[in-house]
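Subject: Structure for you to look at

Hello,

Here is the structure I promised to pass on. Please open it beside this email and follow along.

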Amino acid sequence: MKRNVGRLLLFLILCCGFWACGEEEEPEESGFQMYYINKEETAVVSEEIEEPTGTEEEQLSRIMELLQEPPKNPEYKRALPDTVSIVDYRLEKGQLYLFFDSNYQKMTKVYEVLCRTAVVRALCQLPQVDYVAFFVNDQSLADSNQMPVGLMNSELFIENTGDQINTFNSVTLDLYFSNATGDKLVKERDNFNYSSNMSLEKLVVEQLIQGPISEHAFPSIPPETKLLSITTKDGICYVNFDEGFLGQGYDVTEQVPIYSIVNSLSELSGVNKVQILINGETPKVYRESISFETIFERNFDILEGAGTQEEGQEDQESGKEAESEKESGEEDAKSGQGDKKEDDKS
């Protein structure tokens, strides 16, 4: 009996050993995906691929090659049609600029959106790529409304596009960036297209991190800043950055990055105040002068030309008062003439 029990235990130990060895020999899934378009041309699909290795340039070059190769699955189509070529590309501080030939514009509207979705999702998996911008014949890609598409990341696009490929919203935003001297804010108004699953608060902050479009405005937030989360409750918008926000990315005063965010978010309905956090916490001071425990409100004094605007408003109000006094004097004169006529009659 004891011998049978011993044999049974030995058998179980050997089995466990074989199972353990089997588990160790199983390759781990990389989770890296290459994106394609289904044969019906209604949705973006994906296949798992081996994660690119080597230098950052080699990784990027490999993804570029795969984007222009046919998929293994015969039910899928490559995102970039055979007729469309990537002429050149340039990576600068996490922003990847892709330059396509003129054939890019020959794609149908639906296929172009799917193509853009697949390309951006594939490239943004690389840690060195935060955003992607498309150019055709050296001109920034424009949407159907002739508005620049601008920088894109994977979060801009809705999962499983298909029937929802056109669920994008258009919005006009007033964003505040640094002036040339880094001590005041200037306003920049632009139109943006964004996915309906993205909050306006997130769109605002991400655009601030990307920097201004116009030449009269300058970046206000360090480009290495990462937005970890953003929520709004009871009129207070809670913005949670990583420690990149604390860096001295640009030569600006300590108030410029703070109120670039606060003033821009306060332009949204439902946002009255802003609380800034770093990795979920509120550091005691920012640049040794501003308390992060403060809940910030919009600051008009930091706007460039604020004094001039106030003086203009005062002059306008003085003019209105003078005009009002003039009208009042004219009414009194008319009244006096009326009284005089009445006296003459009597």
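Below is what I found, region by region. Keep in mind that this is a predicted model.

Start with strand E1 (33–38). E1 runs antiparallel to strand E2 (residues 44–48), and five bridges join them. Tyr-36 stands opposite Val-45 in E2. The two strands form a hairpin with five residues between them. In that turn, Glu-41 has a positive phi of about 60°.

Now look at strand E4 (86–92) and strand E5 (95–100). They make a hairpin too, with two residues between them. Here Lys-93 sits in the turn, with a positive phi of about 50°. Six bridges hold E4 and E5 together in the antiparallel sense. Find Ile-86: it stands opposite Phe-100 in E5.

E5 also pairs with strand E6 (residues 131–136). This pairing is parallel and has six bridges. Tyr-97 stands opposite Ala-133 in E6.

Is E5 enclosed or open? Six of its six residues are buried, so E5 is largely enclosed by the rest of the structure. Gln-95, Tyr-97 and Phe-99 point one way from the strand. Leu-96, Leu-98 and Phe-100 point the other way.

**Helix H2**

Helix H2 covers residues 56–67, which makes 12 residues. From first C-alpha to last, H2 reaches 17 Å, close to the 16 Å expected at 1.5 Å a residue.

Which residues of H2 are buried? They are Gln-59, Leu-60, Ile-63, Met-64, Leu-66 and Leu-67. Seen down the helix axis, they fall within an arc of 165°, so they line one face of H2. An α-helix has 3.6 residues a turn, so residues three or four places apart point the same way. The cover over the buried residues of H2 includes E1, E4, E5 and helix H3 (109–123).

**Two buried loop residues**

Asn-153 is in the loop between strand E7 (139–140) and strand E8 (168–178). Its relative accessibility is 10%, so it counts as buried; the cut-off is under 20%. What does Asn-153 touch? Leaving out residues up to four places away in sequence, it touches Val-120, Cys-124, Asp-130, Tyr-131 and Glu-206.

Gly-182 is in the loop between E8 and E9. At 2% relative accessibility, Gly-182 counts as buried. Again leaving out residues up to four places away, Gly-182 touches Asp-251, Val-252, Thr-253 and Val-256. Gly-182 and Phe-218 are 36 residues apart in sequence. In space they are 8.1 Å apart, C-alpha to C-alpha.

**The four-stranded sheet**

Next comes an open sheet of four strands, in the order E10-E11-E12-E15. Its pairing is mixed. Strand E10 (227–233) and strand E15 (296–297) stand at the edges. Each has a single partner strand, so one side of each is left without a neighbour in the sheet.

Strands E11 (residues 236–241) and E12 (residues 273–278) run parallel, joined by six bridges. Cys-237 has Val-274 as its bridge partner in E12. Helix H4 (residues 200–210) lies across E10 and E11, at about 140° to E10.

**The nonpolar cores**

In soluble globular proteins, nonpolar side chains tend to be buried together. The largest nonpolar core in this model has 42 residues. Val-239, Phe-241, Phe-245, Ile-258, Ile-261 and Leu-265 touch the most other members. Which elements give two or more residues to this core? They are E8, strand E9 (185–195), H4, E10, E11, helix H5 (255–265) and E12. H5 gives the most, with six residues.

H5 itself is mostly covered: 10 of its 11 residues are buried. Among them are Val-256, Pro-257, Ile-258 and Ile-261.

Last, find Phe-245. Leaving aside neighbours within four places in sequence, its contacts include Pro-257, Ile-258 and Ile-261. They also include Ile-276, Ile-278, Tyr-286 and Phe-292.

Best wishes

Terms used
Residues numbered from 1 in each chain as written. Predicted model: local features only at pLDDT ≥ 70, side-chain atom pairs only at ≥ 80, totals over all residues. Heavy atoms only, no water. Pairing = 2+ DSSP bridges. Contact = heavy atoms within 4.5 Å. Axes fitted to C-alpha atoms, helices over the stretch in contact; angles between N-to-C directions. Buried < 20%, exposed > 50% of the residue type's maximum accessible area, 1.4 Å probe, protein only. Core = buried A, V, L, I, M, F, W, Y, C linked by side-chain atoms within 4.5 Å. Expected span 1.5 Å × (residues − 1). Arc of directions from axis to C-beta.
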